[in-house]
Amino acid sequence: MTYALPPLNALRAFEAAARHLSFKLAAHELHVTPAAVGQQVKALEARLGMQLFERLHKQLILTAAGQAYLPGVSEGFRHIAEATSQLKPAGAVLLQLGIHGSFDLRRLDLAAFRSTHAEIGLRVLHPAGLHELVEGKVDLLIARSLGHHPGYRCDRVDEGSGLGDWLIAPEGTADCPEVVSFRAWLRALPAENSVASRPRLAGVRR
């Protein structure tokens, strides 16, 4: 069976904006800009051929179509979230880690992390980049960058300055227990192993 669905990112933007009645608050939840939320909603309205919001001065109001659409969209996301939660190890908090494509996974020895943190269900998306982090596909990202990302906590993984590997998390979730545990474990890794230089977490930038 083929489902006739609008783009899921547009649906997420609409659902968040409709709950908050604010593009700004929706953007904060989704880790994007208010303009990006507004563009996604506008694209969804164009696709549906109807207006979902009344955009008043400093106020956002659902139209009759938006009010009718919201419960079904919210329920759909709830079912997806519940189905996804059933896949994680029993009793574990799920942490989804993204890693850029050129990073050698052997440097991390993730099996050791899993064995010492049974309470955290770790999933890895490799390769992954900032797009996956912004879209919420991963909770935490090891990215090759300069480490300057407003709204995100950035900890340098390797030594040096300039372009390098950074552990990046949204500021809103950077202090969640599972993220803190992974950051602390990464910081405690030895500097070298038989494969390559181990990560050494350096100073924090915001």
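Mentor: One definition comes before the rest. Helices here are DSSP runs of H or I with at least four residues, strands are DSSP runs of E with at least two, and both are numbered from the N terminus. Gly147 shows the use of those numbers: this residue lies in the loop between strand 5, residues 140-145, and strand 6.

Keep in mind that this is a predicted model. The protein has seven helices and eight strands. It has 206 residues, and 39% of them count as buried. Take the contacts between residues at least 6 apart in sequence: 58% of these join residues at least 24 apart.

Now to your part. How are two packed helices described? By the angle between their axes and the distance between the axes.

Start with helix 1, residues 8-20, and helix 2, residues 23-30. Their axes are 8 Å apart, and the packing angle is about 125°. Angles from 65 to 115 degrees count as roughly perpendicular, and those over 145 as roughly antiparallel.

Which residues make the contact? From helix 1 come Arg12, Ala13, Ala16, Ala17, Arg19 and His20. Helix 2 brings Phe23, Leu25, Ala26, Glu29 and Leu30. Sorted by class, this contact holds seven nonpolar residues, one polar and three charged.

Between these two helices runs a loop, and Leu21 is found there. Look at its backbone. Leu21 is not a glycine, yet its phi is positive, about 50°. Is Leu21 buried, exposed or partly exposed? Its relative accessible area is 41%, so Leu21 counts as partly exposed.

Move on to the next pair. Helix 3 covers residues 34-48. The axes of helix 2 and helix 3 come within 8 Å and cross at roughly 105°. That angle makes helix 2 roughly perpendicular to helix 3. On the helix 2 side, the contact uses Phe23, Lys24, Ala26 and Ala27. On the helix 3 side, it uses Pro34, Val37, Gly38 and Val41. The classes here are six nonpolar, one polar and one charged. Notice Phe23 and Ala26 of helix 2. Both take part in the contact with helix 1, and both take part in the contact with helix 3.

Leu70 is found in helix 4, residues 64-85. Which residues does Leu70 touch, leaving out those up to four places away in sequence? They are Phe14, Glu15, Ala18 and Leu62. Take Ala18: 52 residues separate it from Leu70 in sequence, but the C-alpha atoms are 7.1 Å apart. Leu70 is buried because its relative accessibility is 17%, and the limit for buried is under 20%.

Now the single residues elsewhere. Lys58 is found in the loop between strand 1, residues 53-56, and strand 2, residues 59-62. Its phi is also positive, near 55°, and this residue is not a glycine. The relative accessible area of Lys58 is 79%, so Lys58 is exposed.

Pro127 lies in the loop between strand 4, residues 120-125, and helix 6, residues 130-134. A cis peptide bond joins His126 to Pro127, with omega about 10°.

Return to Gly147. Its relative accessible area is 3%, so Gly147 is buried. Gly164 is 17 residues away along the chain, with 7.9 Å between the two C-alpha atoms.

Strand 6 covers residues 152-156, and Asp155 lies in it. Asp155 counts as buried because its relative accessibility is 0%. What does the side chain of Asp155 make with the side chain of Arg183? A polar contact, at 3.3 Å.

Finish at helix 7, residues 177-188, where Glu178 is found. Glu178 has 16% relative accessibility, so Glu178 counts as buried. Beyond residues up to four places away in sequence, Glu178 touches Val93, Leu95 and Ile120.

Key:
Residues are numbered from 1 along each chain as its sequence is written. This is a predicted model: local features need pLDDT of at least 70, side-chain atom pairs count only at pLDDT 80 or more; totals for chains, interfaces and linings use all residues. Side-chain values use heavy atoms; hydrogens and water are left out. Axes are lines fitted to C-alpha atoms, for helices over the stretch in contact, and angles run from 0 to 180 degrees between N-to-C directions. Contact means heavy atoms within 4.5 Å. Ala, Val, Leu, Ile, Met, Phe, Trp, Tyr, Cys and Pro count as nonpolar, Asp, Glu, Lys and Arg as charged, and the others, Gly among them, as polar. Buried means under 20% relative accessible area, exposed over 50%, partly exposed in between (1.4 Å probe, protein chains only). A polar contact is a pair of N or O atoms within 3.5 Å; within protein, one must be able to donate a hydrogen and the other to accept it, and residues adjacent in sequence count only if both atoms are side-chain atoms. Angles under 35 degrees count as roughly parallel, over 145 as roughly antiparallel, 65 to 115 as roughly perpendicular and the rest as oblique.
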